[in-house]
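Hi,

Here is the structure I said I would pass on. Have a look at it first, and then read my notes below.

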Amino acid sequence: MTNMQGSSTEIGREDVANHLLEMLRTLTQDVDIDPITLQTCLGDTGLDSVCVAYLIGEIQQQYALRDCVYRALVKTNTPILTLRVSEIVDCVCECLLQNRPAEQEG
Amino acid sequence: MEGKRHSTVLIGWDGATFSVLDPFTRDGTMPFLAQFMAEGVRGTLHSTVHPVTAAAWPSLMTGVNPGQHGVFDFVKVDRREDRYTYVLSTSTDLRAETIWSIAARQGCRVTSLNFISMFPAPDIPGVFVVPGFVPYQYLPLAMRPAGLYSRIKTIPGFEARELALDWALERKALQGLPEAEYESWIKFHMLRERHWFDIVCMLMREEPCDLTAVLFDGVDKLQHLCYHLVDPQYSERYASPWARKIRNLCLEYFRQLDDFLRQIVQLAGAETRVFIASDHGFTLAEDEVFYANVWLEQHGYLKWADGVPLDQEARLTMDSHSGADTMFDWPATTAFALTPSSNAIYIRTARKSGAGAPASDYHAFRRILADALLGFRDGSGRQVVQAVLTREEAFPGEYMAEAPDLTLILRDRSFLSVLRADAPLKPRIAPYGTHHPDGVFLARGQGIPKGVELPAAPIVDVAATLLYSLGLPIPRQMEGTVILPAFEPSVLDANPVRMENSSSSSHAAAADSDSAAVDEGFKKAVMERLIALNYLQRPGG
C-alpha cells in the first residue's frame, strides 16, 4: 500500500475517489453486492461501522491527515453507515484543502 | 564489527503468568514448556506501570515506556473540545520505532502477527504484517505486503471471522459470561489460536524471516474468566461438575498452546533462538467492583446525563459501541473515568467559565482528588485505592501530556467500572481474573544458558534483547537494555552489545530530545515512589 501523503494540489478529488473505491472493492471482494460507485451508501456495502472506522483510519494515515476526517464526520452527527462514498471523498478532500492540518496542529 | 545474526522467534502469550504455567509444567499439561524451561532461561518480566495490553505490548515492541511511545490505552482521548471523546488507538499513535522496523531497516526480514498498534500496518519491504485487533471485514486491506491475504486465505480451514477481532467478544472478557457460554468461549479461542498458528507456520515455511513474532492472546481472555479454575491456589475450591468441565477445557487450551510451542520450536530449527514473553501476569481479583464515576459523583466531581441506567450486574463498561462519553452531563463534570482498561481518571480543565478545574489550579485540584481517592475505605475500613499515580509518575516522557491525569491502582489490581450504580463499591457476581504486573520471559536456543533463573527485568528490555539476538545494534533512544544473563558468557564475549551510532531512524532525533526533556533526577524520584508503593521492585531485588 503506497503512502499517499501530499497536499491537495498534488492529490485531486478523482485520485481520492478512485483510491477509496479501490479499497472498498477489495474489502467487499467476497461479498455478493451491487458494484460500488460514488453514489453507494456505505450501509449497502455489507461492511459494519467498525470496519468503516478502520477504513477511515487507514485513509487518514495514508494522506497524513491524523484524525481530521474522523473528527469532521463526527461533527456531522450522521451515522457513518448512512453516508455515501462521495461524502467520504468530499470529507477527505476538505481535510486535504485545509493545507495538511496534521502539520498545522503538530 | 557486525554481530553474529541468529534467527530469532518471539512468541507472545498475552497475560501469561508463572502462577499458572509452573503448575502446568509440573502436572504434565505443558510437557514441552517444561522441557523449554529446563533447556533455557526464565524470569519475571515487569510490565508497564499500569499493566494493560494496549500499553505494554507497544513497550515490548519499542523498548520504551508508554510516556515515550504515546499509547496508554486501547483508545486515545481527545481533549480538544469541552466534551471529551475518544477514538481507537492506531499505529499513528505509536510514535516510537518498533523492533520490526528497526530490524527491517538493517536488512532483516521480519514477520509480525497479531500485535496491537500495528494498524494501519507499515509498508516496509521484507516485513510481513498481520495486525492484531482488526475486524475480520478489514483483514483484506490490513495485511502487508499487499497480496498476503490472498495467500493466507488458501490455508485449509482458514476463516477470517475466527481469526480477527470482534469487539463484542472482547467485551465478554471484561464483562463476564453466563455459565452456559463458557464452553463455546474457550473453544472459540482454541480455534482462533489455531488460525494464528497456521499462519505463522505457513510464513515460517514459505517466507522464512530473521525475526518472526506471533502473539497468542487467548491466555489473557481465558484467565479473565477462568483464572480461579486454572491457578491451583484457587481451583480446588471450585469442584462442581460445571467447574471441573470448564477447568478441563482450559487445560485443553493450554495443552494446545504447548503443542504449538513444540511445533514452532521444531520448525524454527536448532540454530534459532526462541523467546517467549507476556505483556503482564495475572491474579485473582477480590469480590468487589469499584464504580469510579459513582464515587466521583458522590464527591461532587461528576454529574450523570439524564437517563443513564443503574448497573445491576457488576459490569465494567457498556455493552455497545456507544462511548462512555455519552454518560456525563459535561458542563457539570470536572473528573471522570472513560474506560476500565486504563483505570484512569481524567480531569476536565476549564477553557472558559463554567465547570472544569481551573487550569491555574490544576495541580492542587489533582492532589486533592488523589488524596480523596486514597482516603476511600470500604465498610470494614480497608483502603480501596492502593495508589494514585499522576501522569508524571506513571508515564514520564515526551507524550506524557496525552496520558491520563491520574491512574488508579486498586487494592486487588482489578479494573474499575465506568458505569452508574447505587454505590461506589458493589459485589462481583463471578470470580474474575485481573492483570498483575509480573509477566513471564523465557528463552531457549543456541548461546542461551540451560536451566537458569534470570533476575526480574522490565518489559522494555525485551526489544533490546531481541535485537542483540539478531546481531543488531541497539538504538540509543531505547530505554530497555539487553538481558545479558539470558546469553552464555562466550556469546557476550564474542558479540559485545553495540549501540547504534547514527540516528538512522526518523525517531532517533525526537528520542534524543525526549531524554533531555525528562530529567534523570525526576525519573529516579518517580521510581523510588513506585518502589515505595510496592508497585515496582528494586532492580535486582
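**The two domains of chain B**

The C-alpha centres of domain 1 and domain 2 of chain B lie 30 Å apart. Keep in mind as you read that this is a predicted model. Domain 1 of chain B covers 8-285 + 434-494, and domain 2 covers 290-428. Where they meet, 28 residues of domain 1 of chain B are in contact with 32 residues of domain 2 of chain B. On the domain 1 side, the elements that give two or more residues are helix H4 (66-69), strand S3 (75-78), strand S4 (85-88), helix H9 (167-175) and strand S16 (433-436) of chain B.

**Chain B as a whole**

Chain B has 20 helices and 19 strands. Its C-alpha atoms fill a box of roughly 65 × 60 × 45 Å along the principal axes. How does the radius of gyration of chain B fit that of a compact globule? For 541 residues a compact globule would come out near 24 Å, and chain B has 23 Å, so the two agree. Buried residues account for 52% of the 541 residues in chain B. If you take the contacts in chain B between residues at least 6 apart in sequence, 72% of them join residues at least 24 apart.

Chain A has five helices and zero strands, and its elements run α-α-α-α-α from the N terminus on. Of its 106 residues, 31% count as buried. For contacts in chain A with a separation of 6 or more, residues 24 or more positions apart account for 64%.

The contact between the chains takes 19 residues from chain A and 16 residues from chain B. On the chain A side, helix H1 (13-27) and helix H2 (49-62) of chain A are the elements that give two or more residues. H2(A) gives the most to that side, with eight residues.

**The largest nonpolar core**

Which residues touch the most other members of the largest nonpolar core? They are A:Val92, B:Ala103, B:Ala463 and B:Leu467, out of 189 residues in that core. Helix H13 of chain B (residues 241-268) gives the most to this core, with nine residues. The core also draws at least three residues from each of domain 1 and domain 2 of chain B. As a general point, nonpolar side chains tend to be buried together in soluble globular proteins.

B:Ala463 and B:Leu467 both sit in H17(B), where they are buried along with B:Asp461, B:Val462, B:Ala464, B:Thr465, B:Leu466, B:Tyr468 and B:Ser469. That is nine of the nine residues of helix H17 (residues 461-469) of chain B. Leaving aside residues up to four places away in sequence, B:Leu467 touches B:Ile99, B:Ile102, B:Ala103, B:Leu472 and B:Ile474. After H17(B) comes B:Gly471, with a positive phi near 80°.

In helix H1 of chain B (residues 18-26), the buried residues are B:Ser19, B:Val20, B:Leu21 and B:Phe24. They pack against helix H2 (31-38), helix H11 (218-230), H13, strand S9 (281-284) and strand S17 (438-444) of chain B. B:Gly28 follows H1(B), and its phi is positive, near 90°.

The other spot is B:Leu215, in strand S7 (residues 211-216) of chain B. Is B:Leu215 buried or exposed? It has 25 other C-beta atoms within 10 Å, and 20 or more are needed to count as buried, so B:Leu215 is buried. Not counting residues up to four places away in sequence, B:Leu215 touches B:Gly12, B:Asp14, B:Leu113, B:Asn114, B:Phe115 and B:Gly132. B:Leu215 and B:Phe197 are 18 residues apart in sequence and 9.4 Å apart in space, C-alpha to C-alpha.

Over to you!

Key
Residues numbered from 1 in each chain as written. Chains lettered and ligands numbered in written order. Predicted model: local features only at pLDDT ≥ 70, side-chain atom pairs only at ≥ 80, totals over all residues. Helix = DSSP H or I, 4+ residues; strand = E, 2+ residues; numbered from the N terminus. Rg over C-alpha atoms; globule rule 2.2 N^0.38 Å. Buried ≥ 20, exposed ≤ 12 C-beta atoms within 10 Å, placed from the backbone. Contact = placed C-beta atoms within 7 Å. Core = buried A, V, L, I, M, F, W, Y, C linked by C-beta atoms within 7 Å. Domains from an automatic or database assignment.
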